[in-house]
Amino acid sequence: MIKITLPDGSIKEFEKGTTPYEVALSISEGLARNVLAAKVNHDVVALNFPLETDAHLRLLTWNDTEGKAVFWHSSAHLLAAAVEQLYPGVKFGIGPNIENGFYYDIDFMDYPISSDDFPKIEAKMMEIAHAHPKFEHKEISKNDARKLFVHKHNEYKVELIEDLEDGEITLYQLGTFTDLCRGPHLYDTANIKAIKLLNTAGAYWRGDEKRKQLTRIYGITFPKKKELEDYLLMLEEAKKRDHRKLGKELELFTFSQAVGAGLPIWLPKGAELRERLEQFLKKVQKKHGYQQIVCPHVGNVELYKTSGHYQKYGVDSFRPITTPQEGEEFFLKPMNCPHHCEVYAIKPRSYRDLPLRFAEFGTVYRYEQSGELHGLTRVRGFTQDDAHIFCTPDQLKGEFCKVIDIILYIFRVLKFENYTAQISLHDPNNQEKYIGSEENWEKAERAIVEAAREKGLQTVTEIGEAAFYGPKLDFMVKDAIGRKWQLGTVQVDYNLPERFNLEYIDANQQKQRPIMIHRAPFGSMERFVAVLLEHTAGNFPLWLTPEQAIILPISDKYMEYAFSLKDELEEHNIRVQIDERSEKAGKKIRDAELKKIPYMLIVGEKEATEQTISLRQHKVGDMGTMKIDDFVGMINEKIKEELT
């Protein structure tokens, strides 16, 4: 008999060799129908995995992220099985699950393929799924695996096999389709009830632009048709909110091939919006004791070798910059951390100096593959709202709580109300992945867990997801249409202070190593603005929006009053423009609505005579006549409410 501990802490005894499915069946038939996979200790396994020893078991359903991952990974195999039947002889690359759905990279040889073929492929997928074939697992030697895929003339799988060790290679078979895969998968296809292929894209084999370009087919599946319908409605709304579309319409940013792919250019309205975000955070940081610094965009390559970023980001960075001096090389900085360590090291530090909090809106550069670039969310040059806190072990928890306070304040002001905090801890059974003593890890993790608990955060804990240098807390935010984004991260680091030999003198006059906290509430200005654009659909808060009001004279006769009104409002720091075009008032109103300007101030003979405005609010409509002072007061009160 073995003891199985369930998530609620209850312990049940089963015969050795019992499967997770049998455990689910012992609880209820309903659970057994809905369970997709299982998590045994820290590993996700299939439902027919034999439990041989005492273990912690979590049964995974569609409501679990890991459950969806298995569901969608299995769906990628279902796609491949359908394609193989419809297009004999095609060659398969890789087919993983992704955050929403899955894809498969396929060499279609001489077959023409486009989205017009999707209905035919979807129908074949449903035909296979309705037969409920099982996902059959098989272990195979490296030599036999190589022979199998050489026989299939699939050089892509053969290349992948060469990177694997003999004894760790497994196959999965679904009907007549056999794939090289470590799994796990669903037991069968019974739960796959709704299928939609979304789009195709070119994908270079293994991300190498010098290799052959395969066809990547993206898709998504669900256990219920209603969930697919809801998802497709969300996609339609997402198209309307696409930050690339809104950024162009609102004249916030642009890209130029002459400047270079992935290098955003902020237009005047976007630059002002970005500056207001920076000033907003700088004000918050100053209140919390941060010191602003500015570091160069480049650094000697030896700096990044010391920090380890050269080894980590070297292949994803721009090539080193050589100088006329022999052997001298510089690097466009991939991270701000090494520079901040050098700021700490400029002079001896005492425990009385700590904590030290250095903040910088620092621009960093990474050479993302051209196929992975996407608007502002995936770029080659971006500005992080970076800060690094150097503190003693006793200060760690308190500093962590203060960082959480900043992040939660930002979320509250910008109406990110649905979020979860992910606590990423180290795997105690895999110590070689990490640096630092177990004692320090325990202290750091305890500080994070206690800080999250004290702040009342809704959390999920992931074992083994910590960075190699320390645990971290990531904030996963759902936007207005239910999509999940990672915004805000806090990380504890014992590594860089060690690598840079940072020290402070403690109360006993002994040298000690400070702990370093990395934090970025926005993450990067570019990605944050993109997410905020899509979250708000371009309807920014009043304090942030590029134009708070626009004056609409109904004819040229009232232009003089319009300009005097503009001057008066600008004296009260209200951002206002005048529509000087000789257009009818109706068209001016429609255009202002499209530009998402919060308030329209319509002025004609009555308003000019009485020194008033006829006020209209975006998406609300007519608000009647108002005195100018009352309008100013209303704007200031609204902004005060937003920033409270």
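Pro355 sits in the loop between helix H12 (337-344) and strand E20 (356-365); helices (H or I, at least four residues) and strands (E, at least two) are DSSP runs numbered from the N terminus. Leu354 and Pro355 are joined by a cis peptide bond with omega of about 0 degrees. The model is predicted: local features need pLDDT of at least 70, side-chain atom pairs count only at pLDDT 80 or more, and totals for chains, interfaces and linings use all residues. Residues are numbered from 1 along each chain as its sequence is written, and side-chain values use heavy atoms, with hydrogens and water left out.

Another cis peptide bond runs from Gly183 to Pro184, with omega near -5 degrees. Pro184 belongs to the loop between strand E11 (177-180) and strand E12 (194-204).

| Residue | Phi | Relative accessible area |
|---|---|---|
| Arg206 | near 60 degrees | 44% |
| Gln611 | near 55 degrees | 45% |

Arg206 is in the loop between E12 and strand E13 (213-222), while Gln611 is in the loop between helix H19 (605-610) and strand E32 (612-617). Arg206 counts as partly exposed because its relative accessible area is 44%; buried means under 20%, exposed over 50%, and partly exposed in between (1.4 Å probe, protein chains only).

The largest nonpolar core has 83 residues, of which Leu601 and Phe631 touch the most other members. Such a core is a set of buried Ala, Val, Leu, Ile, Met, Phe, Trp, Tyr and Cys residues joined through side-chain atoms within 4.5 Å. Helix H13 (residues 396-413) gives the most to this core, with 12 residues. A second, separate core of 45 residues includes Val70, Phe108, Ile128 and Ile481. Beyond its neighbours within four places in sequence, Phe631 has contacts (heavy atoms within 4.5 Å) that include Ala549, Leu569, Tyr599 and Leu601.

Glu122, in helix H4 (residues 118-130), is buried yet has no salt bridge. A salt bridge is a side-chain nitrogen of Lys or Arg within 4 Å of a carboxyl oxygen of Asp or Glu. The nearest side chain of opposite charge to Glu122 is that of Lys196, 4.3 Å away; Lys and Arg count as positive, Asp and Glu as negative, and His and the chain ends are not counted.

A search of the whole structure finds 0 disulfides, defined as pairs of cysteine sulfur atoms within 2.5 Å. For Cys391, the nearest cysteine sulfur is that of Cys401, 12 Å away. Cys391 is buried, at 0% relative accessibility.
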